[in-house]
Amino acid sequence: MQNDSNAGLKFQKLVEIMGRLRAPGGCPWDREQTFDSIKPFTLEETYEVLDAIDRRDWQDLAEELGDFLLQAVFYAQMASEGDLFQIGDALDAINSKLIRRHPHVFGDDSAETSGDVKRIWGEIKAAEKKDKGKEDESLLGSVPRALPALVEAQQIASRAAGVGFDWENAEQVIDKLHEELRELDQARRNAAPDELEDEIGDLLFVLVNLARFMKVDPEQALRRTNRKFRERFGFIERKLAERGRKPADSNIAEMEELWQEAKK
């Protein structure tokens, strides 16, 4: 499939449509929105893109990516109205960054492996921070606190590991996992809500690190399990419906039997 030679014109049309929606006489809802009010929609559109990818629904993905692009254009339109920046500034920034951080493609550097690329990327990012006077910023300070907790844990753990604060192998992480399970069991016996929350959090954090050692994305792993649970529970509902009943009318033994059937 060839590149869309009219993509630039189509993007410009999107920018113009967004400007019209926000202009006097445009859409009342769009005109009421602010940077903060749009944030939940940005998160929602992000997950809808991921869902389309998980389902390998390419037609739906094309539509969801359009919705995703709209979020960027919406923010840029509001910024333009406040004389903060233009959409062209955002495009200039990402174009320059991609060229600057890929000297092995656009310059004279060489990179034979993805590890080489990561090293070059890290060196350039460090130089950029120094140029901006941010070299003394905490290592974890730039990890957004508003990220979903699972993603935040991934980034925190990866950055700490990048400077050597890490386990040596997966076996050590598994040992730590068992340790956290024992601590959770003890907290459960004490029935202290705050302590239980702490131990559940510690357990989840160790699992994120175990996934990192095994080169598994924990977010995608959990999404895959969620999808699998939906499918199997849906099977239970269909089978019960054939018997004229709903899950609430059944019992755990019957549903477990159907669950095992669904697994097959």
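This is a predicted model: local features need pLDDT of at least 70, side-chain atom pairs count only at pLDDT 80 or more; totals for chains, interfaces and linings use all residues.
User: Where is Arg-56 found?
Analyst: In the loop between helix H3 (35-54) and helix H4 (58-81).

User: OK, Lys-215 next. What does phi look like there?
Analyst: Lys-215 has a positive phi too, about 60 degrees, although it is not a glycine.

User: Is Lys-215 buried or exposed?
Analyst: Lys-215 counts as exposed, because its relative accessibility is 78% and the cut-off is over 50%.

User: Switching to aromatics. How many aromatic pairs are there in the whole structure?
Analyst: A search of the whole structure turns up four. One of them is Phe-229 with Phe-233: the ring centres are 6.1 Å apart and the planes sit at 5 degrees, so that pair is stacked.

User: Why does 5 degrees make it stacked?
Analyst: Because planes under 30 degrees apart count as stacked, and the planes of Phe-229 and Phe-233 are at 5 degrees.

User: Where do Phe-229 and Phe-233 lie?
Analyst: Both are in helix H11, four residues apart, which is about one turn of the helix.

User: How accessible are Phe-229 and Phe-233?
Analyst: Phe-229 is partly exposed, with a relative accessible area of 47%. Phe-233 is partly exposed as well, at 29%.

User: What about the rings of Phe-229 and Trp-259, how are they arranged?
Analyst: Their centres are 5.1 Å apart with the planes at 50 degrees, so that pair is tilted. The pair links distant parts of the chain: Phe-229 is in helix H11 and Trp-259 is in helix H12 (residues 252-263), 30 residues apart.

User: Is Trp-259 buried or exposed?
Analyst: Buried, because its relative accessible area is 18% and buried means under 20%.

User: So which residues do the ring pairs link into a cluster?
Analyst: Phe-229, Phe-233 and Trp-259. Phe-229 takes part in both the stacked pair with Phe-233 and the tilted pair with Trp-259.

Note on methods
Residues are numbered from 1 along each chain as its sequence is written. Side-chain values use heavy atoms; hydrogens and water are left out. Helices (H or I, at least four residues) and strands (E, at least two) are DSSP runs, numbered from the N terminus. Buried means under 20% relative accessible area, exposed over 50%, partly exposed in between (1.4 Å probe, protein chains only). Rings of Phe, Tyr and Trp (its six-membered ring) pair if their centres lie within 6.5 Å; planes under 30 degrees apart count as stacked, over 60 as edge-to-face and the rest as tilted.
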